[in-house]
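Open your viewer and get ready to pick residues one group at a time. This short tour tells you what to select next and what is there.

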Amino acid sequence: MAQHKSFVFFDCECANCFDGIGKICSLGYVLTDDELNVIESEDVIINPETDFDWYLLNPKNECHLAYSKDYFRAFPNFESYYKEIKKLFTTGNRYIAGYDVSNDVDFVNCACERYKQQFIQFRAFDLKKYLNKVYNTNKKLVEWAEFFECDISSLKSHKSVDDAMMTMLILKKECEKTGKSAEEIFLEYKDFFVSNEQLLFQAEERKYKKELQDKLKRMYNKKAPQPRKNIFNGERFEFDKKLFTDLEFLLDFAKEIYNYGGVLGEKINGKGTVIFADDKIIPPIRQKIEKRGLKIATVEEIQNKMQ
């Protein structure tokens with residue numbers, strides 16, 4: 001006998017995302033049975049314990065929040081809801097879904113980290129990726145709801161529970177159109193699931209890359225007080241943007257140039273050299289560099305000078 005599934009559609013709104021960290025102020029969800037009949041829905045209002053980005057409270061802004069900042073601050077913080085939210089996302093035999101859901105999963109991760117709670121292990125199906133793939137076009141959530149002729153007259157965009165409801169209604173229409181169940185769609189397009197582990201790994205990667213970039217920037221416009229060999233004698237160097245795809249190599253390479261008397265810059269003016277990965281430089285780029293009065297060299301050419 002087949003086990004019946006349940007589905008949770010969810011959406012988060014944040015007070016701000018300063019420093020790349022989303023501070024959740026609402027988490028709306030819609031819980032359904034396997035035929036997408038609503039069992040319950042709620043807009044969980046959360047005190048973000050932080051400042052609100054000004055534009056989110058401006059009624060003229062398309063993305064303005066559904067409530068006032070005083071209303072949000074009258075509720076408990078994320079830690080108070082943690083067990084309830086964890087249970088919502090980890091109850092067995094349940095699918096989680098959202099629209100452009102990577103952001104929402106990341107916001108939950110950020111909240112767990114902010115409040116020193118264990119990360120909630122879950123994965124969520126991204127309906128946006130599915131619709132973009134199947135219909136070969138990119139639309140906003142409301143536009144998809146209109147495309148599928150969903151009745152959203154009572155729903156408000158950027159109110160978490162209403163966005164979650166729109167997501168569910170769109171999927172329900174797609175199921176009717178294709179003759180497939182929600183579970184069949186999810187299993188057929190399983191690559192469109194996003195896990196919190198994936199996003200945590202990506203966040204660590206971004207953090208590591210930023211650390212490397214910061215180390216590189218700290219060398220800009222500085223000359224080594226005691227260069228190993230003063231081969232470059234204060235010559236200025238700029239790196240082509242393609243070199244930044246391998247930051248570990250670039251940082252080591254930059255240290256060598258610095259240690260041989262070179263001066264690095266993010267965007268140099270006057271005399272100096274722009275370093276490229278190889279000599280496959282398209283003419284318009286070459287002309288632009290030459291107009292700036294700069295020379296062009298490859299990584300190999302600079303390395304040969306340092307040998």
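Select Lys215 to begin: at 41% relative accessibility, Lys215 counts as partly exposed, a class that lies between buried (under 20% relative accessible area) and exposed (over 50%), with a 1.4 Å probe and protein chains only. You will find Lys215 in helix α8. Helices here are DSSP runs of H or I with at least four residues, strands are runs of E with at least two, and both are numbered from the N terminus. The model is predicted, so local features need pLDDT of at least 70 and side-chain atom pairs count only at pLDDT 80 or more, while totals for chains, interfaces and linings use all residues. Residues are numbered from 1 along each chain as its sequence is written, and side-chain values use heavy atoms, with hydrogens and water left out.

Patch members have over 30% relative accessible area and no salt bridge, and like charges are joined within 9 Å. Lys and Arg count as positive and Asp and Glu as negative, leaving out His and the chain ends; each charge is placed at NZ of Lys, CZ of Arg, CG of Asp or CD of Glu. The areas come from the Shrake-Rupley method with a 1.4 Å probe.

Select Glu113, Glu204, Glu205, Glu211, Asp246, Glu248 and Asp252, which gather in a surface patch of negative charge. Helices α8 (196-217) and α9 (247-259) each supply at least two residues of this patch, and α8 gives the most, with 3 residues. Glu113 belongs to helix α3 (residues 101-114) and is exposed, with a relative accessible area of 57%.

Time for the salt bridges. The structure holds 7 of them, each being a side-chain nitrogen of Lys or Arg within 4 Å of a carboxyl oxygen of Asp or Glu.

- Move to Glu183 and Lys5, another salt-bridged pair (3.8 Å, N to O). Glu183 lies in helix α7 and Lys5 in the segment before β1, so the pair ties together parts 178 residues apart in sequence. Glu183 is partly exposed, with a relative accessible area of 25%, and Lys5 is partly exposed at 22%.
- Then show Arg292 with Glu238, where the closest N and O atoms of the salt bridge are 2.7 Å apart. Arg292 sits in the loop between α10 (283-291) and β10 (295-298) and Glu238 in strand β7 (residues 236-239), so this pair links parts 54 residues apart in sequence. Arg292 is partly exposed at 24%, whereas Glu238 is buried, with a relative accessible area of 8%.

For the last stop, hide the surface and look inside. Which residues have the most contacts inside the largest nonpolar core? Select Phe9, Phe125, Ile170, Leu171 and Phe186 to see them, in a core of 30 residues. Such a core is a set of buried Ala, Val, Leu, Ile, Met, Phe, Trp, Tyr and Cys residues joined through side-chain atoms within 4.5 Å. Color β1 (6-14), β4 (94-98), α4 (127-135), α5 (141-147), α6 (160-178) and α7 (182-188), the elements that give two or more residues to this core. Helix α6 gives the most, with 7 residues.

Key: Patch = residues over 30% accessible without salt bridge, like charges linked within 9 Å, V, L, I, M, F, W, Y side chains within 5 Å.
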